[in-house]
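The sequence and structure come first.

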Amino acid sequence: MSDPLTADIIPAIQELQDLCYGESVRLGWHNNLKTGEPMTFEETNERFPMRIALCHSELSEALEGHRKDLMDDHLPHRKMAEVELADAVIRVFDLGGNMGYDLAGAIYDKLCYNRHRQDHKLENRKLGGGKAY
């Protein structure tokens, strides 16, 4: 079996980021609600903390869905935790696209880095003071 961690995954991740950001733009989420005009760089930058909080809220909803073993309200054929995790990914990719971040490259680089981290190795995680999770 070949190693799935190759730079070949970068275009697929970039495509997903572009899709999430593009849908958000198409629906007007990056426009000033009062004027309808696209947000300025300053407005976008000021909204960054709020948008991070919205990513947190999706993760909290996933936790609640998992804790109570709930099905999703909008997609009742799916678990709430699954749908809320998808929402979190969509929000993260939208935010990355809005900020001009190269999340695809960063994800690839971080996965490569994590492969060799001593604190991620099972034997080191089992040691006292090791990462339990």
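The largest nonpolar core holds five residues: Ile 13, Cys 20, Phe 93, Leu 103 and Ala 104. Helix H1 (9–26) and helix H4 (103–115) are the elements that give two or more residues to this core. Keep in mind that the model is predicted. The general background is simple: in soluble globular proteins, nonpolar side chains tend to be buried together.

Now select Leu 103, one of the core residues. Which residues does Leu 103 touch, leaving out those up to four places away in sequence? They are Gln 17, Val 92, Phe 93 and Gly 96. Of these, Phe 93 is itself a member of the core.

Step back to the fold. The chain has five helices and zero strands. Read from the N terminus, the order of elements is α-α-α-α-α. Take the contacts between residues at least 6 apart in sequence: 51% of them join residues at least 24 apart.

Next, the overall dimensions. The radius of gyration is 18 Å, whereas a compact globule of 133 residues would have one near 14 Å. Along the principal axes, the C-alpha atoms fill a box of roughly 55 × 35 × 35 Å. Buried residues account for 25% of the 133 in the chain.

The accessible surface comes to about 9,800 Å². Carbon and sulfur atoms contribute 61% of that area. The chain carries 16 positive and 23 negative charges.

Conventions:
Residues numbered from 1 in each chain as written. Predicted model: local features only at pLDDT ≥ 70, side-chain atom pairs only at ≥ 80, totals over all residues. Heavy atoms only, no water. Core = buried A, V, L, I, M, F, W, Y, C linked by side-chain atoms within 4.5 Å. Buried < 20%, exposed > 50% of the residue type's maximum accessible area, 1.4 Å probe, protein only. Helix = DSSP H or I, 4+ residues; strand = E, 2+ residues; numbered from the N terminus. Contact = heavy atoms within 4.5 Å. Rg over C-alpha atoms; globule rule 2.2 N^0.38 Å. Areas by Shrake-Rupley, 256 points an atom, 1.4 Å probe, with all protein chains shown as cover. Lys, Arg positive; Asp, Glu negative; His and termini not counted. Charge placed at Lys NZ, Arg CZ, Asp CG, Glu CD.
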